[in-house]
Amino acid sequence: MSNVNIKRLVENIRSGTNSYTPLVELVVNGIQAVEQRGAGDGLVEIDVLRNGQPDLTDRLEEVDGFVVKDNGVGFTKRNRDAFDTLYTDLKAADGGKGFGRFTCLKYFERVKVKSTFAEDGSFFDRSFRMGLGNEIVVDEKVAASDATDTGSEVEISGIKSVKFPDKGLDVISRVVVERLLPYFVDKERVCPRIVIRDHRSTTPIALNDYLARENTQIVELAVENPTFSFPSTDGDRTFHVRVFKFFAPRASKSKVALVAHRREVTENPLQTYIPEFAEEFFEPSPDQGDAKGRNFVIKAYVFGDYLNENVSLERGEFRFQSDSDLLNGISQTQIEQRAAEIAQSAVGAEISERRLRKGARIAEYVETQAPWHRVLSKEVDFSGLPMTPSHQEIEIFLQKKKYEREVSTRTRVSAILNADEGDDLGDQINSVIASISETSKSDLIHYVSMRRCVLDLFGKALELGPDGKYRSEGEVHDIIFPRRADSDGLDYNDHNLWMLDERLNFASYVISDKPTEASSLDRTDVTVFNRPVVFRAENEPSNPVTIFEFKKPQRDDFVNPSSKEDPVNQIVRYVNLIRNGKVRNSKGREIRVSATTPFYGYIVCDLTPKVNEWLEFEQNFTPMADAMGWFDWRKNIHLYIEVISWDKLLHDAEMRNKVFFHKLGID
């Protein structure tokens, strides 16, 4: 008589089990009962119990439970008492934990047992239920039997809370075969015949036939080196891998399974370790070649005493850690990684082909989309990327590698600076400088490539829109420099002032389309207090001030006598405001100028006939040699002013960068 808080015990079952676990447990118990009897005609039968209305799609009712029958030794007094004992050691020699039967109550409401056993030459029937209170065996009945053979029948029914994951008999069969494959392929112990059926089918499925020659749904693959070892806290531990093809995978994935005492305990996708296992494989027909064939997946089973010794009570996980294990010395990830490499060797040609395709995909992206990664892409290992990586995944991967390399370089620089001078110091410095140079080249290539994109966008912005109208000056303005922004809140990388003048990349003060204290009505589009790169002083009177004014493509009404938007007058007026100390930046700082501070003014607009006439005869400007702009010098206020077309702006920017684009092959 037992006294166990069964409900509490079942509630505490957490590790790695699922609704297939009780079925596998019962089948294994049936196999062991047959082995205990020693009969040569062992048989284990699985009946699928269903309940509810048939589904409209597959016409199948939901699975409610199973009945597992065997012609084994039956529930003798010894076996019955072991069933009634928590953590019994009856099957310890075969890896039994004395706990597996409780997983039945984890997923099913009812567990019923009927058995015929022999004692002193006579047969007896025993039946009982598995209790839900404090007694494991309840409602037990034992009586003499008219049977002439022994065996057992265990029913689990009334599935709890969630539906059983599968309904089709073929799918259920396949899952059970995968979980119990070590029994089917054990060359030292013959597995009894195992069949599965339900009331809808008169023809049972024999699970052993999955490996029969005439069926060949599962085929073992030969591997050259199936054994590997790892050092652990108690010495080297050896593992053995067997690799199988599973045909007709039905959306399954290639996996690596860890086995304890001939039962699969855990499984994980092989693509976790080798991404090229992400898709199914294909085996052409011997007669019809690629025109016809079968898909298959790979499953690698790992065996070893280390696994047998460390499996959990519920057989759903292991007692060692997943990623790193300081206590035991060997982790699950280590074992699975090595097993994945062995599985790879079994289908090496296809894996190599997939890696070539991935490499070509990466090379195409780098060549056409990210040339700044050319050098880095030739040096890094892409094996960790998915089999068909997206452009985003490639870019993120390369950026991560670039960052890791930069961190490594900074670490090396720090080590050199802190180390005593040695004979190899020069070599170390040269090595670090070479690394820095390669990083700098990549950054420069990236920068130039982005310029190509900016110019393409800018050219598009100058075209007529779908409505037959040109973009506003605001749209083209924002490509060059965001409106309503100044340099105090904008990084130099966020503007494209280089399109107008390369020196403007180093501007120390910028206001864009923001009214100032003294000129709320005059809002030049971009004002730059320029600091030439050869100087380091900020806001110095000797540094030039550059002012730009943008006008909408094809707009020329600003030259009308009644217009209040004369850009030349606006720039002249703004120069005078700055010279008189009436313009401050957004934080109220004065823009420091002197009588000799140079000013540059640029007006960007389309040079229509009306604008050209206005510049020549009213503003007295001089035409440029290329006839795409005009210039003037206002000596009294030290202002040089140009009026250029949008096309000239684009053309000149492209010409300045053309040699770089050509070198990168992006012109």
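A charge sits over a ring if NZ of Lys or CZ of Arg is within 6 Å of the ring centre and within 35 degrees of the ring normal. Select K245 and F296 to see one: the charged end of K245 is over the F296 ring, 4.6 Å from its centre. Then pick R294 and F247, where the charged end of R294 lies over the ring of F247 at 3.7 Å from the centre.

A word on what's loaded: this is a predicted model, with local features needing pLDDT of at least 70 and side-chain atom pairs counted only at pLDDT 80 or more, while totals for chains, interfaces and linings use all residues. Residues are numbered from 1 along each chain as its sequence is written, and side-chain values use heavy atoms, leaving out hydrogens and water.

Next, the rings. The whole structure holds 23 aromatic pairs (Phe, Tyr and Trp rings, the six-membered one for Trp, with centres within 6.5 Å; planes under 30 degrees apart are stacked, over 60 edge-to-face, the rest tilted). Select F239 and Y306: this pair is edge-to-face, 5.8 Å centre to centre with 80° between the planes. F239 sits in strand β11 (residues 235–247) and Y306 in helix α6 (residues 305–310), so the pair ties together parts 67 residues apart in sequence. Helices (H or I, at least four residues) and strands (E, at least two) are DSSP runs, numbered from the N terminus.
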